[in-house]
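Hi everyone, thanks for coming. Please have a look at it on the screen.

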Amino acid sequence: MNIKSGIERPNFKDRTGEKYITNEGYEIEIIEYFNSLNCTIRFLYNGYTKYNVSFGCVKRGEIKNPFHISICGIGYFGVGYYKATVNKNTTPVYYKWVGMLQRCYNKNHQEKHPTYIDCTVVEEWHNFQVFAKWYEKNHIEGFELDKDILVKDNKIYSPETCCFVPSEINMLFSETGIKNKSLPKGVCLNNGSGKKYICTF
């Protein structure tokens, strides 16, 4: 008999208490088992609980941990409303989040763009869901995420230091002309004929 429902079913096996390892390497335990299509599992390392899980997914290790570090050794998806893809297309907010983390923590990116060396992302934004909520509230269509305007010589991406600006303004604070640090950002030497200095936007 299935004790939870009070309905007697032949060959029913209550798998409550069984433990498995996910493909990401986390140990989980079935804490409620209603049937093969509906069970509740818990991640043992932090107690996070997921409901309405298929036993087949549990057995195959397909249960995803939303707190698993998956981006640049620091970012994780989190629990919330916001999605990484819609109709198999990457959402703009997820694209921006990954790009921000890559600028700060991807060494290959920093070799090409050295101005991002020593830049960091505030801890709360390591969680995609937290960043996405701020993004949705503050984003202006067609504008770009910028960390350089509100705070001089800023190296931190955070809600207090970031804003959205037109791309033309953002270019003023770009790394163009970094080889000649005596020039203002957005200004570089003109190697051709004519004016000695040019604006880069």
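Let's start with how two helices meet: α2 passes α4 in a right-handed crossing. Keep in mind that what you see is a predicted model. Two packed helices are described by the angle between their axes and the distance between the axes. Here, α2 covers residues 92-105 and α4 covers residues 128-138. Their axes come within 10 Å, and they cross at roughly 120°.

Which residues of α2 and α4 meet? On the α2 side we find Pro92, Val93, Tyr94, Lys96, Trp97 and Met100. Their partners in α4 are Phe128, Phe131, Ala132 and Tyr135. Sorted by type, the residues of this contact are nine nonpolar and one charged, with no polar ones.

Now let's zoom out. The protein chain has five helices and 12 strands. It has 201 residues, and 33% of them count as buried. The accessible surface of the chain comes to about 12,900 Å², with 53% of that belonging to carbon and sulfur atoms. Among contacts in the chain with a separation of 6 or more, 38% are between residues 24 or more positions apart.

Finally, a word on confidence. The chain's mean pLDDT is 86, and 79% of its residues reach 70 or more. Over residues 176-189, though, the pLDDT is below 50, and this stretch has 28 contacts in the model beyond near neighbours in sequence. Residues 195-201 also stay under 50, and the model has 22 contacts for them beyond four places in sequence. Where pLDDT is low, the predicted coordinates should not be read in detail.

Key:
Residues numbered from 1 in each chain as written. Predicted model: local features only at pLDDT ≥ 70, side-chain atom pairs only at ≥ 80, totals over all residues. Heavy atoms only, no water. Axes fitted to C-alpha atoms, helices over the stretch in contact; angles between N-to-C directions. Helix = DSSP H or I, 4+ residues; strand = E, 2+ residues; numbered from the N terminus. Left-handed = near helix turned anticlockwise from the far one by under 90°. Contact = heavy atoms within 4.5 Å. Nonpolar A, V, L, I, M, F, W, Y, C, P; charged D, E, K, R; others polar. Buried < 20%, exposed > 50% of the residue type's maximum accessible area, 1.4 Å probe, protein only. Areas by Shrake-Rupley, 256 points an atom, 1.4 Å probe, with all protein chains shown as cover. pLDDT = per-residue confidence, 0-100.
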